[in-house]
Amino acid sequence: MSGKLHLAAGSTEDGPYAVAVAPEDAGWAYSGLRVLELPAGGSHRLDTAEDEVVALPLAGSCAVQVDGERFELAGRPDVFSAVTDFAYLPRDAAVTVTSRDGARIALPSARARRRLAPRYVPAADVPVELRGAGNCSRQVNNFCTPESFPADRLIACEVLTPAGNWSSYPPHKHDEDRPGESVLEEIYYFEIAAGPAGPGVGYQRVYGTADRPAGLLAEVRDGDVVLIPHGYHGPSMAVPGYHMYYLNVMAGPGERAWLACDDPAHGWIRGTWPGQQADPRLTAPGGLLP
């Protein structure tokens, strides 16, 4: 499978979209992502065509009209402060998104075979889990994973990594159809919290195998995208002083299953987590603490 590994912020701008990655842009077949930015009082119409789509507020609130229904999404101030509600938008639908006060809305998507009904999910119904321990602690919001939400192909989740921690670790891959592993194209969309002196920064590693080489060690900033057509990915590194958020978007040709294989050189790290505590910044009320 071919495909780009990194798209910097700004290189994917397309009209009202701060990010616009269709499968054709990535050089693959299923996974896509747009990030819609609406000003106060703004409105945008889109056709889902072959894609099933989720409307996921990153900052601000919005209303979504689809198939004669209207969903009011309360949203959130920003990705670090709260889990958000969301709306599922089926393929072959005309959709209108409006925002009274302005909003930034992620639209993860996947090429779908079936047309399912539009649905609204409140934030309280989004399963939240803590993964890892110590400086590998992160929070995962499983809003559209196979166990939490029925979709045709789309798999998506949010990950919050406190400053100084590593996530997507140990490195793992999902590019072979075999027991314990599924074929999934993956998009990472990043938002990095700012510090007192300005914008923050993080890093993302991707590497391949002898049969399918790949190599990326990228500096990622607010709004950057990393595309992973194959290979091991991780760690996602939140440098000291700057919290990291990323949205994972996945889809593939087979069963809708999120099955990954650790790099055998590094999988042992999981055995060090029992007995360690989760990062207390992830368990405090009111969102991720500074």
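**Figure 1. The largest nonpolar core of this predicted model has 37 residues.** A nonpolar core is a set of buried Ala, Val, Leu, Ile, Met, Phe, Trp, Tyr and Cys residues joined through side-chain atoms within 4.5 Å; buried means under 20% relative accessible area, exposed over 50%, and partly exposed in between (1.4 Å probe, protein chains only). Leu33, Leu56, Phe143, Tyr189, Tyr245 and Leu247 touch the most other members. Strand 21 gives the most to this core, with four residues. A second, separate core of 20 residues includes Val53, Ala55, Leu73 and Ala103. In soluble globular proteins, nonpolar side chains tend to be buried together.

Before you look further, this is a predicted model: local features need pLDDT of at least 70, side-chain atom pairs count only at pLDDT 80 or more, and totals for chains, interfaces and linings use all residues. Residues are numbered from 1 along each chain as its sequence is written, and side-chain values use heavy atoms, with hydrogens and water left out.

**Figure 2. Meet the contacts of Tyr245.** Contact means heavy atoms within 4.5 Å. Leaving aside neighbours within four places in sequence, the contacts of Tyr245 include Leu56, Arg76, Phe80, Glu158 and Tyr189.

**Figure 3. Strand 13 (residues 155-161) is covered on both faces.** Strands (E, at least two residues) are DSSP runs, numbered from the N terminus. Ile155, Cys157, Val159 and Thr161 lie on one side, with Ala156, Glu158 and Leu160 on the other, and all are buried. Two strands pair if DSSP finds at least two bridges between them. Strand 13 pairs antiparallel with strand 12 (residues 138-144) over four bridges, and Ala156 is the bridge partner of Cys144. Seven bridges join strand 13 to the antiparallel strand 21 (residues 244-251), where Met250 is the partner of Ile155.

**Figure 4. Strand 4 (residues 42-47) has alternating side chains.**

**Figure 5. The largest pocket holds about 310 Å³ of space.** On a 1 Å grid over the protein atoms alone, a pocket is an open set of points where a 1.4 Å probe fits, with protein on both sides within 12 Å along at least five of seven lines; lining residues have an atom within 4 Å of a point. Of the 21 lining residues, Arg131, Arg138, His172, Trp258 and Arg270 lie nearest the centre.

How values were computed:
Points joined across faces, edges and corners; volume = space filled by probe spheres on them.
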